Amino acid sequence: MKFAADRMLGKLAKQLRTLGYDTLYFSTLSNERFLALADEDRILLSRNTRLVGKIAPEKLIFVEANDPKKQLHDLVRFLGLKPDPNKFFSRCTVCNGLLEPVKPQDVVGKVPDHIWTGVNRFSECSGCGRIYWPGSHTVRIREEIGELLNKS
Ligand SMILES: [Zn+2]
């Protein structure tokens, strides 16, 4: 399942990317171009009440909650999503690009020295080149996701 989030849903888009879902997000995009993303077989996520009714109802989900965690929780429950743990952290949260494993020697100078010496698994975004590595935040996010899925 693929998504496109409107410009009020940047945090939700990041969370979906963390779970591995292909999610487009642009901070500036006209309503027309946003609605056109539904043609790419994407479900549109929006907080804009004016868009409701402009497109087939099954193509657009109106997000009611303000809090990004609640937004994700509601969406997971509404769509009955079963996020695949193997896909967690497989996508760049910044640009939606897929992450590819890279060797430690390939990221010399691209990550802080203390990270490079302490970590042996790195991945690089195929879209923007950002380097990712497992760290304390990944543990925390996995816990949050676990909690989220248990609640729903
Ligand atoms: Zn990227």
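**View 1. Three strands form an open antiparallel sheet in the order S5-S6-S7.** Strands here are DSSP runs of type E with at least two residues, helices are DSSP runs of type H or I with at least four residues, and both are numbered from the N terminus. Two strands pair if DSSP finds at least two bridges between them. The edges of the sheet are S5 (99-102) and S7 (131-132), each pairing on one side only. S5 pairs with S6 (residues 122-125) in the antiparallel sense over four bridges. Leu99 stands opposite Cys125 in S6. The model is predicted: local features need pLDDT of at least 70, side-chain atom pairs count only at pLDDT 80 or more, and totals for chains, interfaces and linings use all residues. Residues are numbered from 1 along each chain as its sequence is written.

**View 2. An open sheet of four strands is paired in parallel in the order S2-S1-S3-S4.** The edge strands are S2 (23-25) and S4 (60-62), and each of these pairs on one side only. Neighbouring strands are turned by 25° against each other on average, direction ignored. S3 and S4 run parallel and are joined by three bridges. Leu44 stands opposite Leu60 in S4.

**View 3. Helix H1 lies across S1, S2 and S3.** The helix runs at about 150° to S2; axes are lines fitted to C-alpha atoms, for helices over the stretch in contact, and angles run from 0 to 180 degrees between N-to-C directions. Seven of the nine residues of H1 are buried. A residue is buried if 20 or more other C-beta atoms, placed from the backbone, lie within 10 Å of its own. The buried residues of H1 include Leu12, Leu16 and Arg17. H1 is followed by Gly20, which has a positive phi, near 100°.

**View 4. The largest nonpolar core has 19 residues.** Such a core is a set of buried Ala, Val, Leu, Ile, Met, Phe, Trp, Tyr and Cys residues joined through C-beta atoms within 7 Å. Ala4, Ala5, Leu12 and Leu45 have the most contacts inside this core. S1 (2-5), H1 (10-18), S3 (42-46) and H3 each supply at least two of its residues. Not counting residues up to four places away in sequence, Ala4 touches Thr23, Leu24, Phe34, Leu37, Arg42, Leu44 and Leu45. Residues are in contact if their C-beta atoms, placed from the backbone, lie within 7 Å. A second, separate core of five residues includes Phe89, Cys92, Phe122 and Tyr132.

How values were computed
Buried ≥ 20, exposed ≤ 12 C-beta atoms within 10 Å, placed from the backbone. Contact = placed C-beta atoms within 7 Å.
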